Amino acid sequence: MFTIHHPELDEMARSLRDLHREFLAGQWDEARVAAHQARLLRQTISYVKERSPFYRARLDGAAEDDDLGSLPFTTKQDLRDAQFDMLSRPMHEAWIFYETTGTTGRATPCPRDNTDTLHNNTVLTAYYQTVFDQYGDRQVVGVSGPSELHATGDTFGDVCRNLGIAVAKMWPHSPMIGFDRALEVMRMLPVTGLFATPGMALSLAKKAREAGLDPAADFSLDVLMLTGELASPSLLAGIGALWGARAYNALYASQEASVLAASGADGGLYTAPLINHYEVIDPVTLRPARADGAGVRQGELVITNLYQGAKPLVRYRTGDMVRMHPVAPGATIPAPRVEVLGRVGDQIMLNGHAVTGYDLEDLLLRHVGGFMDYQIRLERTPLGEDRVDLMLHGASESHPGLLLAQEECREVLGTELVVSFGDPGSITSTGAMVSWKAARVVDGRGDEPARDDRESRAALALAARRG
């Protein structure tokens, strides 16, 4: 609606819509994507050098046509230190103010102007249409988010509006709403889709069970759009089965960098190459990560925004480990697919094997269903060996998949798996929509080094199992 009051924005919105329709229709080949990115990279570099006090100093002497790899990285610490000097537009030229949560350091300002919003929401609208088109024209989608200073409610609400889908914004952790009222609204409307964290989806299911309700039988959810925490395929499958719905890893994004990837109808999490340039680097050497025989690269994700809004970032080190797959023939979205594995420093060492939290979760939950919560705890045996303890809430103690999980843990990680049953408690259900907040992997080994950036036999074995 706002674009009709700004003709230049109306033209931008229509152009972005048309470009993404052409892209999803397969009308962009590799050469066209490369030319598009090269042109917009030059524009972004020129833009930030002119407008951002931070980049004016950081990129002093750099030319528009310099090789991107010769430019310095931008880090999270740079964002914390620079604060408003990172911005390329003053706050009064933005339409809204957000900020990071500050849970890992000083909060940083993340305003959005209309250029930012149009670019990011157009990607989500195009990608999510492939998802929601599967579920008919009588959809009501719930949106659950953490706070008023986060983009979640605005972004998903706007995208659903673009798609002609009714929205109910629900904050179950709010004292004005609460879980009981949220569940009542979900049944009353009824809600057919839900944007939430995996932790929130599990918490709502637990509260429903406590109220004597069956999440799958007594609610109308068709689709769960989950984001904000690590979400392996096994966890998504378990949550989907709990609700009798399809669970998607809906979004990979951050307050500071905006949309980095979004889901398509086939369940893949796809990059957005028309609005971002992506690099995958070795987090130790800072050189480009090498591709394996299938063209898959694993390392730290580095992004450069290709649109010139309030806060474009150049070569921003996200601090996230990813596994980047090449464009696959026949994929829903003709873009590289990405798996987000966790923070760079959070790889876990188990009896000499390095594994990410994402892959560990996927391995342990692959054969287990019916759980409403879980926690993984790392312990050391009296003999000095590492052990994995998996606590499940709601799952059957006679579930046949438990033995398979124990066998695979020994085979792949050389580590004993002990399964127990109980409620992990509130530590796993923060309800946050940001970062990787739910404390589902707890290291209780004291001074045992739990982090390592080396590739390992465990990672290779897990990759082989994924096929």
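Let's start with a pair of helices: H1 and H5 cross in a right-handed way. Keep in mind that this is a predicted model. The chain's mean pLDDT is 89, and 91% of its residues reach 70 or more.

**The H1 and H5 pair**

- Two packed helices are described by the angle between their axes and the distance between the axes.
- For helix H1 (residues 7-24) and helix H5 (residues 114-132), the axes come within 10 Å and cross at roughly 35°.
- On the H1 side, the residues that meet H5 include Leu9, Met12, Leu16 and Phe23. On the H5 side, Leu118, Val123, Ala126 and Tyr127 are among the residues taking part.
- Sorted by class, this contact has 10 nonpolar, six polar and one charged residues.

**Helix H8 and what covers it**

- Helix H8 runs over residues 198-210, so to speak a 13-residue piece, and reaches 19 Å from its first C-alpha to its last, close to the 18 Å expected.
- H8 is mostly covered, with 10 of its 13 residues buried. Among them are Pro198, Met200, Leu202, Leu204 and Lys206.
- The cover over those buried residues includes helices H7 (178-188) and H9 (233-243), along with strands S3 (193-196), S4 (223-226), S15 (373-380) and S16 (386-393).
- After H8 comes glycine 212, with a positive phi near 80°.

- H7 has its own buried residues: Gly178, Phe179, Ala182, Leu183, Val185 and Met186. Their cover includes S3, H8 and H9.
- In the loop between H7 and S3 you'll find proline 190. The peptide bond from leucine 189 to proline 190 is cis, with omega near -15°.

- Serine 258 has a positive phi, near 65°, in a residue other than glycine. Serine 258 lies in strand S7 (residues 258-263) and is buried, with a relative accessible area of 8%.
- Asparagine 351 isn't a glycine either, yet its phi is positive, about 50°. Asparagine 351 sits in the loop between strand S13 (348-350) and strand S14 (353-355), and is partly exposed at 28% relative accessible area.

**Where to be careful**

- Over residues 430-437, pLDDT stays under 50, and the model has 34 contacts beyond four places in sequence for them.
- Over residues 448-467, pLDDT also stays under 50, with 44 such contacts in the model.

Terms used. Residues are numbered from 1 along each chain as its sequence is written. This is a predicted model: local features need pLDDT of at least 70, side-chain atom pairs count only at pLDDT 80 or more; totals for chains, interfaces and linings use all residues. Side-chain values use heavy atoms; hydrogens and water are left out. pLDDT is the predictor's confidence in each residue, from 0 to 100. Contact means heavy atoms within 4.5 Å. Helices (H or I, at least four residues) and strands (E, at least two) are DSSP runs, numbered from the N terminus. The expected span of a helix is 1.5 Å times one less than its number of residues. Buried means under 20% relative accessible area, exposed over 50%, partly exposed in between (1.4 Å probe, protein chains only). Axes are lines fitted to C-alpha atoms, for helices over the stretch in contact, and angles run from 0 to 180 degrees between N-to-C directions. A crossing is left-handed if the near helix is turned anticlockwise from the far one by less than a right angle, and right-handed if clockwise. Ala, Val, Leu, Ile, Met, Phe, Trp, Tyr, Cys and Pro count as nonpolar, Asp, Glu, Lys and Arg as charged, and the others, Gly among them, as polar.
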